[in-house]
Amino acid sequence: MSKLVVVGTVAFDAIETPFGKTDKILGGAATFIGLSASHFNTEVGLVSVVGGDFPQEYLDMLSNRGMNIEGVEVVKDGKTFFWSGKYHNDMNTRDTLATELNVLADFNPVVPESFKDAEVVMLGNLHPAVQLGVIEQTPAAKLIILDTMNFWMDSALDMLHEVIAKVDVITINDEEARQLSGEYSLVAAARKIHTMGPKYVVIKKGEHGALLFHEEQIFFAPALPLEEVFDPTGAGDTFAGGFAGFLASSEDYSFENMKRAIIYGSNFASFCVEKFGTERMQSITPEEINTRLEQFKALTKFEINA
């Protein structure tokens, strides 16, 4: 079976949306990525850090979902990373109310020996220094996927460029693509980002879908129109997990297969937003996944006489 290394946060979130609010619940980029990727025929190894306040039941849940948690360090006398945010009525914008790095501030990632030969590495949104540390520990990787954000572009741009030069795929949203490239047109932005190193550029546009760029080729995948969106937290990470999980399981890193991976990522993201936190991701069934894939196919299928 193929192996996928996932590095990112395993954390606590507290979320407020127009539909309600939560106390501390399970969150974190690696959590959402792992829950999504675990639906594929690949071994998922999480690399993260939590504090002594992190419930054993959460670790058990991740393990029971087929994830290897050897790489999740538990700092007994530390506190787990915590983020709190409030979404506006449009659900596309949010205010960060609190960010407590806690044990993440001194995180030194250690990839378990059993995963150092992984072919696919998914670098969740973290400090570029942590991402570099994981790249150095996975020399056998054939596909390295990077997720990052504008915060690192503002605070650690030189090191971020160092990471970008070493990856095969970068996934960022449209605002981040414009900031990183200095270009407003997303086509021009992708072309500029290609010159930084990645062969593939994925630009996420939230409820407006996602774009995949490779040399002169472009693919667009819509987001599934949903009647209700309760909580967008983790949707981008869930997308990345579906994308990486599919590619790891298929061991095919061509542009044509990347297109399928984009659809799988979009499929999982559409589930994630239906409930708060990871709740929906813990309950989806293979039947639901396949049914929604058919909806994606129907959404974009048409015939035309040109």
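Met91 is buried, with a relative accessible area of 11% (buried means under 20% relative accessible area, exposed over 50% and partly exposed in between, for a 1.4 Å probe and protein chains only). Although Met91 is not a glycine, its phi is positive, at about 65°. The residue sits in the loop between β7 (82-87) and β8 (94-100); helices (H or I, at least four residues) and strands (E, at least two) are DSSP runs numbered from the N terminus. Glu251, likewise not a glycine, has a positive phi of about 55°. Glu251 lies in the loop between α8 (235-250) and α9 (255-272) and is partly exposed, at 46% relative accessibility.

The model is predicted, with local features requiring pLDDT of at least 70 and side-chain atom pairs pLDDT 80 or more, while totals for chains, interfaces and linings use all residues. Residues are numbered from 1 along each chain as its sequence is written, and side-chain values use heavy atoms, without hydrogens or water.

An open sheet of nine strands shows mixed pairing in the order β6-β5-β1-β9-β10-β11-β12-β13-β14, where two strands pair if DSSP finds at least two bridges between them. Its edge strands, β6 (67-75) and β14 (217-221), each pair on one side only. From one strand to the next the twist averages 15°, based on axes fitted as lines to C-alpha atoms, with angles running from 0 to 180 degrees between N-to-C directions. Strands β10 (residues 143-147) and β11 (residues 169-173) run parallel and are joined by three bridges. Within this pair, Ile145 stands opposite Val169 in β11.

Ile145 also belongs to the largest nonpolar core, which has 57 residues; Ile145, Leu4, Phe243, Leu247 and Ile262 have the most contacts inside it. A nonpolar core is a set of buried Ala, Val, Leu, Ile, Met, Phe, Trp, Tyr and Cys residues joined through side-chain atoms within 4.5 Å. Helix α9 supplies the largest share of this core, nine residues. Another core, of 45 residues, lies apart from it and includes Ile15, Trp83, Val103 and Ala189.

Helix α10 (residues 286-300) has 15 residues and reaches 22 Å from its first C-alpha to its last, close to the expected 21 Å (1.5 Å times one less than the number of residues). Its buried residues are Ile289, Arg292, Leu293 and Phe296. Seen down the axis of α10, these fall within an arc of 110°, so they line one face of the helix; the arc is that of the directions from the helix axis to the C-beta atoms. The cover over the buried residues of α10 includes α9, contact being heavy atoms within 4.5 Å. On the other side of α10, Glu287, Lys297 and Ala298 are exposed.
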